[in-house]
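Please open the model in a viewer and keep the sequence panel beside it.

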Amino acid sequence: YMHGFYISFERGCKRASLLQQSLGLKGRFLLFSWPSAGAILDYTQDEADLYWSVAPLRGVLADMVDRFGAGNSNIVAHSLGTRGVMLALVLLAQSQHDDPLFNQVIFIAPDIDVGIFKQYLPMIRPLARNMTVYVSTNDNPLALSRQVHGHPRLGEAGEHLEGLSGAEIIDVSDIPIRVPSGHVYHLYQSLVTEDLDQLINENKPAAQRTNLKQVGENQWQLQKAETE
């Protein structure tokens, strides 16, 4: 698991522990904590520190493949951390690989320029058996990031996601917001956690998971439960 912007080491450990408990991953969970400043006004500093962390992350991912075998590890990244994972995968893709190196690669609320992701997707897609992107129209930090960068973010739902062939896109916009930012739904919204559980622990593609309605060739809408 790789955390995002504005997450100090302590907060990163707490969030990783929460995700680990929610998914029942005791004894087989690794947190890569890059040196976020942990300050809400230090976004550009966090971006710089993230880029410095790409090569070390690439080394950690390669070591996981060596230790556990190709296709036996899952990667989950959130927010700005997804950008680091994407770039680390680009570095790994520069070497020849006969089989997928990872099982599931999951980008949650990714703070990545959509155009850049579309450029790199054909390169990194073969490294995973399955690639999933969680998006929302209710993500306030990503809306702000779009204003800062001038381009839509991958984690924002919308027409800009058309053409992302090879990745399953899960839109959680219909799910009630538990935290005002609308950015950490993977930690505090049980319906999202349940979907992640089916994806990671049961290895089910979107077509086989509950509460998902297909709305496009590779796009799915997570539905509210009847009790919500």
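Select strand β2 (residues 102–108) together with β3: the two run parallel and are joined by six bridges. Strands count as paired if DSSP finds at least two bridges between them, and the elements themselves are DSSP runs numbered from the N terminus, helices being H or I of at least four residues and strands E of at least two. This is a predicted model, in which local features need pLDDT of at least 70 and side-chain atom pairs count only at pLDDT 80 or more, while totals for chains, interfaces and linings use all residues. Residues are numbered from 1 along each chain as its sequence is written, and side-chain values use heavy atoms, with hydrogens and water left out.

**The strands around β3**

Within this pair, pick I108, whose bridge partner in β3 is Y134. Next follow the chain from β2 through helix α5 (residues 114–124) to β3, a β-α-β crossover that is right-handed. The term means that, with the strands pointing away from the viewer, the path from the first strand over the helix to the second runs clockwise.

Now select β3 alone (residues 128–135). Seven of its eight residues are buried, so the strand is largely enclosed by the rest of the structure. Buried denotes under 20% relative accessible area and exposed over 50%, with partly exposed in between (1.4 Å probe, protein chains only).

T132 stands opposite E168 of β4. With helix α6 (residues 140–149), β3 and β4 make another β-α-β unit, which is right-handed.

**On to β6**

β4 and β6 pair in the parallel sense over three bridges, and I169 stands opposite Q219. Which way do the side chains of β6 point? Q219 and Q221 point one way, W220 and L222 the other way, and all are buried.

Strand β5 (residues 212–214) pairs with β6 in the antiparallel sense, over three bridges. The bridge partner of Q214 in β6 is W220, and a stretch of four residues lies between the two strands of this hairpin.

**The nonpolar cores**

Select L61, L89, F102, F117 and M131, which touch the most other members of the largest nonpolar core, a set of 41 residues. Such a core consists of buried Ala, Val, Leu, Ile, Met, Phe, Trp, Tyr and Cys residues joined through side-chain atoms within 4.5 Å. Helix α4 (80–93) gives the most to this core, with eight residues.

Centre the view on F117. Apart from neighbours within four places in sequence, F117 is in contact (heavy atoms within 4.5 Å) with M86, F107, I112, I124, M131, L154 and L164. A second, separate core of 26 residues includes Y1, L23, V76 and V172.

**Helix α1**

Finish with α1 (residues 9–23), whose 15 residues reach 21 Å from first C-alpha to last, close to the 21 Å expected at 1.5 Å a residue. Its buried residues are G12, R15, A16, L19, Q20 and L23. They cover an arc of only 140 degrees around the axis, which puts them on the same side of α1; the arc is that of the directions from the helix axis to the C-beta atoms. Turn the view to the face away from the buried side to find the exposed residues E10, K14 and Q21. Just after α1, G24 takes a positive phi of about 65 degrees.

Methods
The expected span of a helix is 1.5 Å times one less than its number of residues.
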